[in-house]
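This report covers helix packing, aromatic pairs and a few individual residues. The sequence and the structure come first.

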Amino acid sequence: MPSFLWRLWPGLVLILFPSTLADDKESSLLQDWHDVWLFRFFLNMLGYATIIIPGYFLIGYFKRINYLETGRGICYPVIKACVFGSESKTGLLDDVSIAQRNDADSGSSARQAFKLVFCAAGLQVSYLTWGVLQERVMTRSYGASTPEEEGERFKDSQFLVFMNRILALTVSGLWCLLFKQPRHGAPMYKYSFASLSNVLSSWCQYEALKYISFPTQVLAKASKVIPVMLMGKIVSHKSYEYWEYLTAALISLGVSMFLLTSTTGKHPSTVTTFSGVVILGGYIVFDSFTSNWQDNLFKYKMSSVQMMFGVNLFSCLFTVGSLLEQGAFFDSLAFMTRHSEFAFHAVLLSVCSACGQLFIFYTIAQFGAAVFTIIMTLRQAIAILLSCFLYGHVVTMVGGFGMAVVFLALFLRVYARIRMKAGRRAQQPQVQKV
């Protein structure tokens, strides 16, 4: 980023936040302006724009000159894969999307149940561990030898996102090299949409912990089933049955009741709460778009690991570019060298994230975004139950009722799906006769 822009930030801070920064000195502004989350978000977006905008014009240029027909040379295969892809989407709908989603029709119910349990268990283990580490890294200090010492806190959420994505890229890349994958057909640039929203949702998730409590963040995650379904209608043009909306609302309501009545603690200030709510709102929007865009991309012929590689490739490109432009990349590395405990936590956090992504992509490919969100919603309830069991938290009557609502909603959802599939099987012979 040009150096003259850095000198403008103190003035912009005074204009946009006069009530909070009017009494500060200019030297304090130079040191503390980056503590305002809105500026950190704006800086990150500027970094991403330096990659997205040139890429947008390049893609438009290659399409405008009909490069697929006129292009030649060494770069032709790369440009073709990135801009045009190798196969059309419409010819692969029956081959991939429908074939994978309708495994229940061709395979046994026991096999489908095993797949669902496998996905749910993998997501639970990966992200329960990841949640514990996430809270440790973002809310606790490092380097304090005694309780009286303050230590040093790590503040750059984007570097943690980069750490998660670089390991996931490595794992998925090695997997693609070692195991045979289907011929890739999607234009590579289409991964950038899910990648950008994924990076932003992850940044919001880390950043929110600076302004709100972890239980509040869990509450917001537990209530995102309906936004995902609404995003599915916008992005993938999906249609849902009335019982899907009803059960999604019941799940969100039940988990919310349990979390609200089972959480105790001091409430943050009004300003902090507002900032946290805004960041969580961004997380829900970005995360809902990510899962549905990935769900739509699976209409191309690709494996879950290929999806993981494509999304994380752009995520690494976005984050490392932004970190280098801000000068924050080497500062974060220096923090890792000063605190070996943080380095261990960051690596373990990345391992859990990489494993979790494998389960995410596989679950979305097999069962869709809505089912994936239900599994992740259940994770919130399981986390609270484990906390009550291990640390002796008391479950109130309202909280217990909330859990009963969740399981009732899940029973209704499973029952409705079984009835719907049975109705389709009953109608299928009649359609064939006609």
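## Packing of α10 and α11

α10 crosses α11 in a right-handed manner. A crossing is right-handed if the near helix is turned clockwise from the far one by less than a right angle, and left-handed if it is turned anticlockwise. Helices here are DSSP runs of H or I with at least four residues, strands are runs of E with at least two, and both are numbered from the N terminus. The model is predicted: local features need pLDDT of at least 70, side-chain atom pairs count only at pLDDT 80 or more, and totals for chains, interfaces and linings use all residues. Residues are numbered from 1 along each chain as its sequence is written, and side-chain values use heavy atoms, with hydrogens and water left out.

The axes of helix α10 (residues 157-178) and α11 are 9 Å apart, and the packing angle is about 130°. Axes are lines fitted to C-alpha atoms, for helices over the stretch in contact, and angles run from 0 to 180 degrees between N-to-C directions. α10 is therefore oblique to α11. Angles under 35 degrees count as roughly parallel, over 145 as roughly antiparallel, 65 to 115 as roughly perpendicular, and the rest as oblique.

On the α10 side, the residues in contact are Ser 157, Gln 158, Leu 160, Val 161, Asn 164 and Arg 165; they meet Asn 198, Val 199, Ser 202, Trp 203, Tyr 206 and Glu 207 in α11. Contact means heavy atoms within 4.5 Å. Sorted by class, the contact of α10 with α11 has five nonpolar, five polar and two charged residues. Ala, Val, Leu, Ile, Met, Phe, Trp, Tyr, Cys and Pro count as nonpolar, Asp, Glu, Lys and Arg as charged, and the others, Gly among them, as polar.

## Packing of α11 and α16

Helix α11 (residues 191-208) also packs with helix α16 (residues 304-326); their axes come within 8 Å and cross at roughly 60°. α11 and α16 are therefore oblique to each other, and their crossing is right-handed.

From α11, Tyr 191, Ser 192, Ala 194, Ser 195, Leu 196, Asn 198 and Val 199 take part, and in α16 they meet Gln 306, Met 307, Gly 310, Val 311, Phe 314, Ser 315, Phe 318 and Thr 319. The contact of α11 with α16 has eight nonpolar, seven polar and no charged residues.

## The chain as a whole

The protein chain has 20 helices and zero strands. Of its 434 residues, 45% count as buried. Buried means under 20% relative accessible area, exposed over 50%, and partly exposed in between (1.4 Å probe, protein chains only). Among contacts between residues at least 6 apart in sequence, 83% join residues at least 24 apart.

## Aromatic pairs

The structure holds 24 aromatic pairs. In one of them, Phe 289 and Trp 293 have ring centres 5.6 Å apart and planes at 20°, so the pair is stacked. Rings of Phe, Tyr and Trp (its six-membered ring) pair if their centres lie within 6.5 Å; planes under 30 degrees apart count as stacked, over 60 as edge-to-face and the rest as tilted. Phe 289 and Trp 293 both belong to helix α15 (residues 270-297) and are four residues apart, about one turn of the helix. Trp 293 is buried, at a relative accessible area of 17%.

Ring pairs also link Tyr 142, Phe 154, Phe 159, Phe 162, Phe 329, Phe 330, Phe 335 and Phe 342 into a cluster. Phe 335 is in helix α17 (residues 329-338) and is buried, with 4% relative accessibility. Leaving out residues up to four places away in sequence, Phe 335 touches Tyr 142, Glu 152, Arg 153, Phe 154 and Phe 342. Phe 335 and Glu 152 are 183 residues apart in sequence, yet 9.1 Å apart in space, C-alpha to C-alpha.

## Residues of α18

Ala 343 lies in helix α18 (residues 340-367) and counts as buried at 19% relative accessibility. Ala 343 and Leu 333 are ten residues apart in sequence, and their C-alpha atoms are 9.0 Å apart.

Gln 357 is in helix α18 as well, and is buried with a relative accessible area of 7%. Residues up to four places away in sequence aside, Gln 357 touches Tyr 127, Asn 164, Arg 165, Ala 168, Met 308 and Asn 312. From Gln 357 to Asn 312 the separation is 45 residues in sequence and 9.8 Å in space, C-alpha to C-alpha.

## A positive phi

Most residues other than glycine have a negative phi. Asn 66 has a positive phi of about 55°, although it is not a glycine. Asn 66 lies in the loop between α4 (37-64) and α5 (67-70) and is partly exposed, with a relative accessible area of 39%.
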